[in-house]
Amino acid sequence: PVLASAHESGCVRLWSIQGNLMKELLPFSKDPSGPLTVLCTDISTKVLLAGSKEGYVICWNIASFLEDSQNKKKQVKEKLCWRAHNTEVVDLFHEEEKNVVVTASTDGSVRIWHAENGYYFGYFGQSRKFELSDTSRLILPSDVKNFTAIIKEESKPMEKKVEYPLMLDKDK
């Protein structure tokens with residue numbers, strides 16, 4: 001068993017049941033996903049999803065890491081990052097059978113997305129039916145302008161940057 005925790009810094013930490021830090025997941029994308037607000041996995045625990053205060057959804061492939069979590073060289077691959085809402089994501093879940101992700105936000109909307117590529121299918125309450133089989137039409141919600149970032153295998157995680165804004169200036 002592994003526990004996952006989401007943090008204000010935008011990282012996810014994976015812990016053993018004994019409380020030992022096993023892995024820290026840093027974002028690949030340069031988009032400021034912001035503090036993380038919600039986590040979930042699919043039923044088979046192959047994918048870890050996180051929602052952020054800035055409205056982003058980030059998806060990691062954790063299957064190979066969980067198969068051999070003792071191997072420190074095992075990487076957790078970030079698959080996708082997309083802007084799902086303009087405000088905080090407060091809940092999300094992955095429906096494995098239909099291969100969709102459902103997100104809810106403080107903006108009052110509940111939206112449905114394709115789990116593999118972040119394509120937008122629509123929102124709950126819309127007049128038209130969801131067409132879950134058509135992922136060829138790339139559409140976005142009217143309030144979101146950023147397209148999905150698909151993370152390539154050779155991408156490197158962002159470096160942790162520590163800023164020290166207060167410095168002693170002897171001349172002053």
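Colleague: Which residues do ring pairs link into a cluster?

Modeller: W82, W113 and Y120. Bear in mind that this is a predicted model.

Colleague: How many aromatic pairs is that by count?

Modeller: The count comes to 2 aromatic pairs. One is W82 with W113, a tilted pair at 5.8 Å centre to centre and 50° between the planes.

Colleague: Why does that pair tie together parts that are apart in sequence?

Modeller: W82 sits in strand β7 and W113 in strand β10 (residues 110–114), so the pair joins parts 31 residues apart in sequence.

Colleague: And what is the geometry between W113 and Y120?

Modeller: Tilted again. The centres of W113 and Y120 are 5.0 Å apart, with 55° between the planes.

Colleague: On to packing. Which residues touch the most other members in the largest nonpolar core?

Modeller: L49, V57, W82, L92, V101 and W113 do, in a core of 15 residues.

Colleague: Zoom in on V57. What is V57 in contact with, leaving aside neighbours within four places in sequence?

Modeller: L49, A50, L80, C81, W82, A84, L92 and T103.

Colleague: What other core lies apart from it?

Modeller: Another one, of 14 residues. L14, M22, L25 and I58 are among its members.

Colleague: Change of topic: sheets. In what order do the strands of the open sheet run?

Modeller: β1-β2-β3, with antiparallel pairing.

Colleague: Why is one side of β1 and of β3 left without a neighbour?

Modeller: β1 (2–6) and β3 (21–25) stand at the edges. Each has a single partner strand, so one side of each has no neighbour in the sheet.

Colleague: How far are neighbouring strands turned against each other?

Modeller: By 20° on average, direction ignored.

Colleague: How many bridges join β1 to β2?

Modeller: 5 bridges join β1 to β2 (residues 12–16), and the two run antiparallel.

Colleague: Give me one example. Which residue in β2 is the bridge partner of S5?

Modeller: R13 is the bridge partner of S5.

Key
Residues numbered from 1 in each chain as written. Predicted model: local features only at pLDDT ≥ 70, side-chain atom pairs only at ≥ 80, totals over all residues. Heavy atoms only, no water. Core = buried A, V, L, I, M, F, W, Y, C linked by side-chain atoms within 4.5 Å. Buried < 20%, exposed > 50% of the residue type's maximum accessible area, 1.4 Å probe, protein only. Contact = heavy atoms within 4.5 Å. Pairing = 2+ DSSP bridges. Helix = DSSP H or I, 4+ residues; strand = E, 2+ residues; numbered from the N terminus. Axes fitted to C-alpha atoms, helices over the stretch in contact; angles between N-to-C directions. Phe/Tyr/Trp six-rings, centres within 6.5 Å; stacked < 30°, edge-to-face > 60°.
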